[in-house]
Amino acid sequence: MKKSVIETVNLQKKYVTDTVETTALAGVNIQVGKGEFVAIMGPSGCGKSTLLNMLGMLDAPTAGSLKFMGTEIASATERHRANLRKENLGFIFQSFNLIDELTVHENVELPLFYQGLPKNEIKQRVDAALERVGIAHRRNHFPQQLSGGQQQRVAIARAVVGRPSLILADEPTGNLDSQHGREVMTLLSELNEDGATIVMVTHSPSDAEYAHRIINLLDGQVITERIHATSAALAL
Amino acid sequence: MFKMYFLTASRSILRNKSYSILNIAGLTLGITCSILLFLVIKYELSYDSFHSKADRIYRATTISSYREGEEKSSAAHYPLADLLRTNKNLGFEQITQTHGEEGGQINVLGDDGNSIKRFREEAHIGFVEPEFFDIFDFETGNQSAVASLSEPNNVILTETLATKYFDGKNPLGRLIKFNNKLTLKVTGVIPDLPNNTDLPFSMFISYKSFIDYSPYGDAKSWNTLSSTHQLYAVLPESKTEKEATAELNNLLVNHIPDKSANLPKEAYSLQPLKDIHFNAELSNYSNRTVSREVIWSMALVGIFMVIVACINFVNLATAQAIKRAREVGVRKVMGSSQLQLMLQFLGETFLITLTATLLSVVLAELALPYLNELLELEITFTVLQDPVLLFFLVAQVLLVTLFAGIYPALIMARFQPIAALKSRINTQKVAGLSLRSALVVLQFTICQVLIICTILVNEQMEFFKSKSLGFDKEAVVTVFLPTGEGKKLMPMRQELANHPAVKKISLASSPPSANFTFTGNFKFNNSSEDVPFHANYKMADENYLELYDMKVLAGRHYKDSDSAAYVINETMRRKLGIESPAEAINKTIALGNGEVKGYIIGVVEDFHQNSLRDPIDPAIILARPDNYWFLSAKIDMANKQEALQHLEKVWNKTYPDDVFDYEFLDETIERFYQDEARQNKLFKIFSIIAIFIGCLGLYGLVAFMAAQRTKEVGIRKVLGASMFNITVLFSKEFVKLVLIAFILAVPIAYYLMNKWLQDFTYRITLDYWPFILAGVVTLIIAIITMSSQAIKASLTNPVVSLKSE
Ligand SMILES: Nc1ncnc2c1ncn2[C@@H]1O[C@H](COP(=O)(O)OP(=O)(O)OP(=O)(O)O)[C@@H](O)[C@H]1O
Ligand SMILES: [Mg+2]
């Protein structure tokens with residue numbers, strides 16, 4: 001079996017507010033191997049985004065184990081998580097989350113900038129990433145001047161530019177029409193073919209088809225895992 | 001890396017234009033005020049600090065102890081300098097005596113010795129010794145001019161006066177006449193003295209000529225003290241002020257010829273040169289002191305202005321932080337550390353502060369001439385050549401950046417990335433709601449304190465103008481009379497009155513209220529002992545009481561020839577223990593040391609002899625034609641021009657060599673309070689600006705709230721809320737804050753003003769209405785500011801506002 005990038009054991013997350021306690025994750029066990037493309041599905045409110053946030057170290061779990069590249073990080077400090085995040089993870093959001101004040105180029109540059117890479121390397125890698133997603137000709141535009149699909153491609157470029165070991169995508173096509181959605185999905189599976197590990201949350205069965213494996217969540221628990229027939233060989 | 005920060009910063013400043021404009025405008029105003037106040041303070045503090053020996057120069061001042069209290073004077077006895085010199089300067093490195101005159105009559109003489117031009121000079125004129133220029137570092141150009149002051153009848157002019165008198169022709173060797181008494185040869189011209197000195201002379205006459213001039217009596221006497229005669233000394237490094245004072249007083253005790261037991265006991269005290277500008281108890285030649293309290297209150301006002309502007313910034317920035325939550329989230333997800341984010345936001349604040357400061361420098365430069373005019377100062381502004389100012393500006397930029405920027409930066413840098421991305425951060429969540437409220441309260445407290453102080457200072461100023469002084473000061477023209485021409489007085493009085501527009505003419509030592517008095521000891525009711533207090537003497541002719549409409553309570557006014565008949569005031573009567581005005585009549589009074597005996601012929605109602613800062617003193621009005629230095633003319637204001645023309649015509653005929661330089665008495669009296677008037681103006685301007693800055697902030701805050709709550713407003717409107725409902729919704733919270741601020745402002749303002757008013761014997765009582773007024777005014781301004789936004793929000797089509805989420 002391939003080495004897993006991420007592995008959770010009985011991962012739990014409870015949100016406690018003044019009046020109510022919500023169990024968003026009630027003991028999730030999943031494993032994502034290197035080079036895999038995993039889709040997470042489930043009804044609204046079942047905890048998909050919560051799980052993704054845990055995997056992305058944007059938030060700490062309440063209980064359970066979370067291993068990243070074999071290291072336990074469930075109770076790591078925010079600073080430690082921030083460091084792991086910037087070295088190893090790439091994020092793609094439903095609402096793109098580009099910074100309006102920065103140009104396409106500058107947005108994509110951001111992760112490398114925070115990693116403190118030398119200037120010319122940053123430029124090379126940003127150019128390559130922009131080429132890769134086919135948006136290089138718009139490098140000096142501001143996000144507001146691009147279509148949704150184009151913005152999402154910029155976000156993808158930004159997610160891959162740091163050469164992360166894991167890309168996390170939360171409903172990447174959620175704000176796009178089907179045409180642009182397909183473009184984005186093709187791009188993601190191409191990236192996967194080039195070696196990127198991807199975990200994606202989606203509501204769309206057709207998007208899920210691009211993945212090797214689909215994890216279904218209900219009420220904060222994994223109910224089924226379905227291995228996509230055509231790519232079963234790759235996953236195991 | 002920095003380029004990146006700079007780029008994001010400048011773009012976000014440009015993107016949020018209205019917000020940036022509000023912030024920059026507020027900061028610019030605040031910083032401009034702070035720069036101006038800084039310049040004023042720096043200017044005041046620079047007085048006479050530029051002399052290389054400034055730390056060691058002292059002025060010998062005198063404390064006279066009477067049986068009732070003591071009196072301080074900046075005067076030194078006339079013979080003190082000579083006495084010191086015969087005692088090897090008593091160890092002082094240098095000493096010099098000076099006599100200062102506030103202007104005088106100047107005649108420029110032609111080759112034949114006749115007056116060819118005459119001037120009523122307003123500039124200060126000093127009688128000085130050559131040592132003056134050793135002790136004080138005034139630029140003199142050539143030394144021979146200074147040396148010429150060791151001979152009598154020489155004069156050095158400043159460039160301004162030389163040009164004025166001689167139209168640019170060579171003045172050296174030419175003759176001028178001072179007060180028609182001294183003929184002086186111009187032996188030098190020196191550059192004008194700097195503005196920041198309390199020795200502001202424009203003309204330096206040899207001190208040796210003072211004996212021939214001495215207008216107020218015996219220039220060799222130990223019995224006279226005149227604050228126009230001052231002595232300066234340089235203390236050697238080896239001696240302390242205390243030691244020197246002790247030695248000085250020793251000398252005084254041993255050398256003063258036995259004075260009459262009735263004269264006050266005198267002692268010297270050494271006043272540091274650096275204290276002279278700030279000590280209101282002792283006068284100086286420039287006639288202007290600025291108390292340290294005033295300096296401090298200006299500094300405080302300046303700091304307050306900047307604080308109010310910083311509070312704006314903090315309020316707007318934290319409110320704005322919500323808008324930027326997503327950016328923070330993205331940056332954090334991309335790997336930014338908290339520190340990097342904080343630096344980024346501080347960078348933005350820095351950029352805004354820097355922009356505001358640069359604008360302020362320009363604005364301050366534009367505003368300075370007006371401020372100079374207003375405060376009657378001559379401050380110059382040269383940013384680049386002024387290291388202190390530069391340092392102040394740099395320090396201020398950094399401090400404001402920190403003070404205004406650190407809190408919003410901290411708030412933003414601490415956003416949780418997920419919450420930030422989901423825009424789940426709202427106005428309430430940004431920790432600061434309570435802090436922001438506290439800041440708004442602080443801002444309004446400052447504004448209201450300023451308003452209350454302004455109203456009260458203003459009220460006191462009005463009180464100065466309107467308070468009945470015990471005499472009629474309206475429509476009275478006064479002119480200073482040339483000395484030594486006593487014979488001409490009475491005929492001139494006759495002739496002056498001989499015109500329908502001139503109602504009355506009186507000659508006297510001074511008008512009833514003046515900024516100088518003559519006091520003396522006296523005996524009462526045939527006693528051989530002096531009464532234990534001194535009286536003010538007003539030497540005046542028979543028209544005095546009538547011209548000034550002073551109310552006679554008993555007896556009558558004397559005739560010119562009645563040199564033994566005295567009119568006293570009510571305070572005098574009470575202090576002498578006389579039951580009623582009528583009982584005072586015919587009681588005897590012996591002035592001075594018993595030589596002149598007379599009797600009380602009349603009692604007048606109390607009148608103010610000094611400014612309203614001081615209590616009314618006991619006074620004796622008496623006829624002494626030798627001491628009439630003032631002409632008072634009551635004129636018909638309806639025919640003012642004719643009256644003045646007539647006065648001038650008669651004057652010129654009587655005194656062909658003297659300029660007819662008149663003044664209206666009410667204006668003279670108003671000038672007693674010019675320091676307060678300046679403070680009043682300063683307060684007024686700055687409180688208006690402070691309120692304006694505060695309103696800018698409030699406007700921004702409410703505008704932001706309105707933007708945040710567009711959806712809420714939309715829903716409420718769909719449900720039927722009126723514009724009024726919406727305005728109330730927005731204003732409720734702020735009205736509460738203004739009221740809390742009011743409750744805080746009242747005791748602070750009360751304390752401050754109570755303290756300020758203590759300086760005046762005659763003052764307004766602290767009424768409640770200025771406080772209420774200040775509260776109401778701020779409330780109204782705040783509500784107007786807020787409703788403009790609320791109305792805008794409520795006018796928006798609800799469909800549009802609903803869609804905006
Ligand atoms: N910050 C929070 N505080 C309290 N409860 C939360 C918080 N975030 C999520 N929840 C709750 O946790 C549960 C899971 O939420 P999550 O956002 O993971 O759902 P989801 O599967 O992503 O839904 P969707 O498909 O609608 O995006 C929900 O019941 C939600 O209400
Ligand atoms: Mg979700």
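**Exercise 1. Helices α5 and α6 of chain A**

Task: In this predicted model, work out how the axes of α5(A) and α6(A) are arranged and which residues meet between the two helices.

Solution: 

Step 1. Find the two helices: α5 covers residues 148–161 of chain A, and α6 covers residues 178–193 of chain A. Their axes come within 9 Å and cross at roughly 15°.

Step 2. From α5(A) come Gly149(A), Gln152(A), Arg153(A), Ile156(A) and Val160(A). They meet His180(A), Glu183(A), Val184(A), Leu187(A), Leu188(A) and Leu191(A) in α6(A).

Step 3. Sort this contact of α5(A) with α6(A) by class: six residues are nonpolar, three polar and two charged.

**Exercise 2. Helices α2 and α10 of chain B**

Task: Are α2(B) and α10(B) roughly parallel or roughly antiparallel to each other?

Solution: 

Step 1. Start with the geometry: the axes of α2(B) and α10(B) lie 9 Å apart, and the helices pack at an angle of about 165°.

Step 2. Compare with the cut-off. Angles over 145 degrees count as roughly antiparallel, so α2(B) and α10(B) are roughly antiparallel to each other.

Step 3. For the hand, the crossing of α2(B) and α10(B) is left-handed. Their contact has 19 nonpolar, seven polar and one charged residues.

**Exercise 3. Helices α10 and α13 of chain B**

Task: Describe how α10(B) passes α13(B), and list the residues through which they meet.

Solution: 

Step 1. Take the angle and distance: α10(B) packs against α13(B) at about 25°, with the axes 9 Å apart. The two helices are therefore roughly parallel to each other.

Step 2. Check the hand: α10(B) passes α13(B) in a right-handed crossing.

Step 3. Follow the contact along both helices. On α10(B), the residues are Val306(B), Cys310(B), Phe313(B), Val314(B), Ala317(B), Thr318(B) and Ala321(B). Their partners in α13(B) are Gln396(B), Val400(B), Phe403(B), Ala404(B), Tyr407(B), Pro408(B), Ile411(B) and Met412(B).

Step 4. Finish with the classes: the contact of α10(B) with α13(B) has 13 nonpolar, two polar and no charged residues.

**Exercise 4. The cavities**

Task: How many cavities of 30 Å³ or more does the structure hold, and which elements line the largest cavity and the second largest cavity?

Solution: 

Step 1. Count: there are two cavities of 30 Å³ or more.

Step 2. Begin with the largest cavity, whose volume is about 160 Å³. Its lining has 18 residues, and Tyr19(B), Phe313(B), Ala317(B), Arg324(B) and Glu348(B) lie nearest its centre. Two or more lining residues come from each of α1 (2–15), α2 (17–45), α10 (292–323), α12 (338–375) and α13 (387–413) of chain B. By class, this lining has 10 nonpolar, six polar and two charged residues.

Step 3. Link back to Exercise 3: Phe313(B) and Ala317(B) also belong to the contact of α10(B) with α13(B).

Step 4. Move to the second largest cavity, with a volume of about 90 Å³. Among its 14 lining residues, Lys86(A), Leu89(A), Gly90(A), Pro111(A) and Arg158(A) are the closest to its centre. The elements that give two or more residues to this lining are α2 (78–88), β6 (89–92), α3 (104–115) and α5 of chain A.

Step 5. The lining of the second largest cavity divides into seven nonpolar, four polar and three charged residues.

Technical notes: Residues are numbered from 1 along each chain as its sequence is written. Chains are lettered from A and ligands numbered from 1 in the order in which they are written. This is a predicted model: local features need pLDDT of at least 70, side-chain atom pairs count only at pLDDT 80 or more; totals for chains, interfaces and linings use all residues. Side-chain values use heavy atoms; hydrogens and water are left out. Axes are lines fitted to C-alpha atoms, for helices over the stretch in contact, and angles run from 0 to 180 degrees between N-to-C directions. Helices (H or I, at least four residues) and strands (E, at least two) are DSSP runs, numbered from the N terminus. Contact means heavy atoms within 4.5 Å. Ala, Val, Leu, Ile, Met, Phe, Trp, Tyr, Cys and Pro count as nonpolar, Asp, Glu, Lys and Arg as charged, and the others, Gly among them, as polar. On a 1 Å grid over the protein atoms alone, a cavity is a set of points where a 1.4 Å probe fits but cannot get out, and a pocket is an open set with protein on both sides within 12 Å along at least five of seven lines; lining residues have an atom within 4 Å of a point. Grid points are joined across faces, edges and corners, and a volume is the space filled by probe spheres set on the points. Angles under 35 degrees count as roughly parallel, over 145 as roughly antiparallel, 65 to 115 as roughly perpendicular and the rest as oblique. A crossing is left-handed if the near helix is turned anticlockwise from the far one by less than a right angle, and right-handed if clockwise.
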